Amino acid sequence: MSEIPDRVPTPCPSCSPDLETVHEVLTEGGGTLTVRCSECSHVHKIQPDREREVTLDVVVSQGGESFTANVTAPEDEPVEVGDEFILETEEVLSTVRVTSVELDGQRRVEEAPAEAIETVWTREVDNVAVNVTVHPQDGSRDDSRSITVHVPGDYEFEVGAVESFGDDEFEIDAFVVRKDAAGYRRDRFEENGDTAFAKDIKRVYAYDETSSAWSAW
């Protein structure tokens, strides 16, 4: 539902019945607002204008599975790939990111007003799984392995940093960000000090540090 603002413009029956003045919202109830005129302090009730809302089907990808929920939004509110919002249902409370906007006829677009949308496709970004390709220290790709690490969405990965997850330890060589990630200059990052949040990363490339302890023996 739309939030009621602290102040609203409306005619005042006491000092300006034909012109709008700024009014402070005092209380809300019974479908009306009790407001106070900023010009003459007259208190009266008004019927607020309500934005028409639509119900959207939202498909959420979460931990390799998916489920469908419903949210309401103002009919003219734009929904865009990359947008994040809090989804609250009886089963889940999580932050999700829009990955695709589907119109009637299964047509996918980058952005559309809520009233034109058939389905919003999203993925959870509170906690995410990041795929990591780990190469041997000698640079050989033949013995590379793939692991998946589970971290909070705002966990930050940095090129050149050494990460430890359980029995795995690796130095980050590069990472590729997702198409729905905003604010990045390019898709692939490989300079020392480059950083990205886990929720924005498609894959991390790294060199194995697990065996370095053994090589010292």
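**Contacts and cores**

Reply: Let us begin with one residue. Beyond its neighbours within four places in sequence, Val130 is in contact (heavy atoms within 4.5 Å) with Ile147, Thr148, Val149, Val151, Phe157, Ala198, Ile201 and Val204. This is a predicted model, in which local features need pLDDT of at least 70 and side-chain atom pairs pLDDT 80 or more, while totals for chains, interfaces and linings use all residues. Residues are numbered from 1 along each chain as its sequence is written, and side-chain values use heavy atoms, without hydrogens and water.

Me: Which residues touch the most other members of the largest nonpolar core?

Reply: A nonpolar core is a set of buried Ala, Val, Leu, Ile, Met, Phe, Trp, Tyr and Cys residues joined through side-chain atoms within 4.5 Å; buried means under 20% relative accessible area, with a 1.4 Å probe and protein chains only. Here the core has 20 residues, and Val130, Val132, Phe157, Phe170 and Phe175 touch the most other members. Another core, of 19 residues, lies apart from it and includes Val58 and Ile117.

Me: What is the strand order of the open sheet of four strands?

Reply: Strands are DSSP runs (E, at least two residues), numbered from the N terminus, and two strands pair if DSSP finds at least two bridges between them. The order here is β1-β2-β3-β4, paired antiparallel. β1 (7-12) and β4 (43-46) are at the edges with a single partner strand each, so one side of each lacks a neighbour in the sheet. Six bridges join β1 to β2 (residues 16-29), and Pro11 stands opposite Glu20 in β2.

Technical notes: Buried means under 20% relative accessible area, exposed over 50%, partly exposed in between (1.4 Å probe, protein chains only).
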